[in-house]
Amino acid sequence: MKKILFITLLLCSNYLFAETLPFNLSISGAGINIDKSLELSDVGEGKTAINFSFKTSTEKAYIFDLNYKKLPSNRSYPANLDVTLKDKAGNKLGYLFFANNGVQHLKEIGVFGLLVNVAGELIDIKFTFEKNKKGNLNITSLGEERFVQDTLVSKFNFQMIRPVILPKIKESVRSQTYALDSHPYRVNYTLRNLNGGLVEFQHNLYQAMDGGKESLLTRIYFQADSIETLRKAMYAGKYFHIDDVVFKLVFYPAMGQTEPPQ
């Protein structure tokens, strides 16, 4: 009887002290203005799935789907946040796989998100786990930081992987753009200073348009307060083009810039 009581108390204690963090989810643009206060738990601790439908001001319907999942033991991170934007028929429009070391890691990042171009209008899905972060990072110190450019387009039988160092193009901006060979698309990395010692990282995909213009198709972004935070970021995003082309944008720290865990 005592053993059963001890196990029951232990389970209750684990539940009470489960890692659950509040966060803010905003979805804006294209006639959408959603702001939700939500909670997320570590894998196996309860609140790891969020799903809801919403409409624009013109009654276009979409589905937001979030799942926090455990990754296999042979992967670099123990868990990932799966975020998918769909139309009302369930067709995927945008996707973000954000790997992490647990919900506290998401709080360490603070702010991250995904922009998706839907019928010429941008929808911004933004997560805020910590809105009052202060840091010590500046693009001036990132002149030799390597970022892995990894773009895959299976329909084109195309993949481009290369480590890149971003040149300074303005006082507070580093940026580099690469064409996808002869295809009318370009991928871009941008770092820009924010107030409070933060740097915003952007991974952008553009499509060339008539008249020499270009259209932003998707953007994955996150904020970093230190070089350590920047080097912990790892994600894979997908953009589902209207012409049945799927673009996959992958980011991970360059080898030699991270240290193995102690």
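Which strands each supply at least two residues of the lining of the largest pocket? I started there, keeping in mind that this is a predicted model.

**Entry 1: the pocket**

I looked up the lining by strand. β6 (92-100), β7 (111-118), β15 (214-224) and β16 (235-240) each supply at least two residues. β7 gives the most, with three residues.

Next I checked the space. The largest pocket holds about 410 Å³. I counted 21 residues in its lining. Nearest the pocket centre I found Asn117, Tyr239, Phe240, His241 and Ile242.

Then I sorted the lining by residue class. Twelve residues are nonpolar, six are polar and three are charged.

**Entry 2: β12 with β13**

I moved on to strand pairing. β12 covers residues 173-179, and β13 covers residues 185-194. The two run antiparallel and are joined by seven bridges. For a landmark I noted Arg174, which stands opposite Leu191 in β13.

I then looked at the turn. Five residues lie between the strands of this hairpin. Asp181 takes a positive phi there, near 55°.

**Entry 3: β13 with β14**

How many bridges join β13 to β14? I found ten, with the strands again running antiparallel. β14 spans residues 198-208. My landmark here is Tyr185, which stands opposite Gln207 in β14.

The hairpin of β13 and β14 has three residues between the strands. In this hairpin I noted Gly196, with a positive phi near 80°.

**Entry 4: recap**

β13 pairs with β12 and also with β14. Each hairpin has a residue with positive phi: Asp181 in the hairpin of β12 and β13, Gly196 in that of β13 and β14.

Key: Residues numbered from 1 in each chain as written. Predicted model: local features only at pLDDT ≥ 70, side-chain atom pairs only at ≥ 80, totals over all residues. Heavy atoms only, no water. 1 Å grid on protein atoms, 1.4 Å probe; cavity = no way out; pocket = protein on both sides within 12 Å on 5 of 7 lines; lining within 4 Å. Points joined across faces, edges and corners; volume = space filled by probe spheres on them. Helix = DSSP H or I, 4+ residues; strand = E, 2+ residues; numbered from the N terminus. Nonpolar A, V, L, I, M, F, W, Y, C, P; charged D, E, K, R; others polar. Pairing = 2+ DSSP bridges.
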